[in-house]
Amino acid sequence: PGIFLEKYDTFLDPNDAQPGQGRKILLSSNFRSSGGVISAVNDVFTECMSRKVGGLSYGEDEMLREGIPHIPLQEKEVSLYTVDIREDTYQEESSFVAQKIKELLDGTHFIRQDNVLRPVIADDIVILLRSPSSVGGEFCYALESAGIPCTMGTDVDLLQTPEVETLRSILQTIHNPLQDIPLVAALTSPVFGFTADDLAKIRSKSRYSSFYKALEMAGTEKSDAFLSVLAELRQRARFLTVTQLIHQIFLQTGMLSIYGVMDNGDEQVDHLHSFCQIAADYETTGRKELSYFLEHLTAMEERGLSISGAVPSGTVRIMSIHKSKGLEFPVVFLSGLSRTFNLSDTQKQVLCHKELGLGLTHTNTVQRVRFPTIAKRAISLKIHEEPISEELRVLYVAMTRARDRLIMTYAASKLPDRI
């Protein structure tokens, strides 16, 4: 945000700028949201956003404008509901939201589509939360209790899917068959189909050697077939790139066909192709050896490799605000607005700021007291402002995801006192 704000302040209007000077063009027209949603966004941020909080004065120039006209919806486009909590905040708020969604789905509420109105369906609705991992389960339970199908956390860690784990185990076995865990994982996968009894018989041939040595001694038709495929793949791995080797594995094992006929087969095949694309991208770095690629996967495994999973039709989506960036939804429920900001960083003994430096706590050993220095107080105030500014920007993203209807919920106890 700092770079953007600096340019926003220093760049000039195109009509006033001289040759060589920076120019700013304000893209104020919003072609996503309806007039009612845009009006609500402008009302909120005109009051909340300023130089001090948000880094920008939200005035006439910054206001959004309806990019295209929308046909009237004949009902409120924006609503803010306050939920008076008696016991459990998220449980009661999620139940309230589930009830509102059930009402929306009764066939008497509409959204726009191709310049006509049609009834709202579950696919049109998303619930946006700041942190679905902590409270999303409550909303999912409330929706399912109300008979409304929902989906949460559509992102999938590619390296943790069974089909990619199998392919990775096969690659590890090709690289070094003396690794027992990848070898056994490959053997017991749907690709080769070894059972627990098969593994026990193999191990009985040699109890203390590596499993690969025992497999060589097994002498069964199934084990010999596996060893034959493995030997050929290991031979080819010497001169093939990783991508070529993966395609050879697909060809010799029929892996794509095996996973393709399973439940969600198309999705599993897509995961395998995505993994192959990862290998192709890695090869652009110049390294094409299998050993380096396996090390690359180990490093990636620590942080995960998320890809967007398929969203089942006929479901309400529960999603984080962060992951909704760039998306639009006909109906947005923005919940959890009573969530307090995380300002724990201001309570640390030593505060650090990239511009203001270090702020320390002074200890008076004579009087046996401890208190923050002036520098620490200044840094604390600055650190206090920054997360609030970030939360304000997140709120802007959330509110502008709505196309036709925006429904916000604020749940808290003792509402009259808070309001």
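Q: How do the axes of α5 and helix α10 cross?
A: Two packed helices are described by the angle between their axes and the distance between the axes. Axes are lines fitted to C-alpha atoms, for helices over the stretch in contact, and angles run from 0 to 180 degrees between N-to-C directions. Here the axes of α5 and α10 (residues 242-253) come within 11 Å and cross at roughly 110 degrees. α5 and α10 are therefore roughly perpendicular to each other; angles under 35 degrees count as roughly parallel, over 145 as roughly antiparallel, 65 to 115 as roughly perpendicular and the rest as oblique. Helices (H or I, at least four residues) and strands (E, at least two) are DSSP runs, numbered from the N terminus.
This is a predicted model, in which local features need pLDDT of at least 70, side-chain atom pairs count only at pLDDT 80 or more, and totals for chains, interfaces and linings use all residues. Residues are numbered from 1 along each chain as its sequence is written, and side-chain values use heavy atoms, with hydrogens and water left out.

Q: Which residues of α5 and α10 meet?
A: Contact means heavy atoms within 4.5 Å. From α5 come L167, I170, L171 and I174, and from α10 come L245, I246, I249 and F250. The residues of this contact divide into eight nonpolar, no polar and no charged. Ala, Val, Leu, Ile, Met, Phe, Trp, Tyr, Cys and Pro count as nonpolar, Asp, Glu, Lys and Arg as charged, and the others, Gly among them, as polar.

Q: How do the axes of α5 and helix α9 cross?
A: The axes of α5 (residues 162-175) and α9 (residues 221-237) come within 9 Å, crossing at roughly 75 degrees. α5 and α9 are therefore roughly perpendicular to each other. T173, I174 and H175 of α5 make the contact with L230, L233, R234 and A237 of α9. The residues of that contact divide into four nonpolar, two polar and one charged.

Q: How many residues has the largest nonpolar core?
A: A nonpolar core is a set of buried Ala, Val, Leu, Ile, Met, Phe, Trp, Tyr and Cys residues joined through side-chain atoms within 4.5 Å. Buried means under 20% relative accessible area, exposed over 50%, partly exposed in between (1.4 Å probe, protein chains only). The largest has 43 residues, and L171, F226 and I246 are among those with the most contacts inside it. Helix α12 (residues 265-283) gives the most to this core, with six residues. A second, separate core of 25 residues includes V37, F45, I321 and L392.

Q: Is R112 buried or exposed?
A: R112 lies in strand β4 (residues 110-113) and is buried, with a relative accessible area of 7%. The side chains of R112 and D404 are joined by a polar contact of 2.9 Å. A polar contact is a pair of N or O atoms within 3.5 Å; within protein, one must be able to donate a hydrogen and the other to accept it, and residues adjacent in sequence count only if both atoms are side-chain atoms.

Q: Where is S34 found?
A: S34 sits in the loop between β1 (29-30) and α2 (35-48) and is buried, at 0% relative accessible area. Beyond four places in sequence, the contacts of S34 include R112 and D404.

Q: What is the phi of Q74?
A: Q74 has a positive phi of about 65 degrees although it is not a glycine. Q74 is exposed, with a relative accessible area of 69%.
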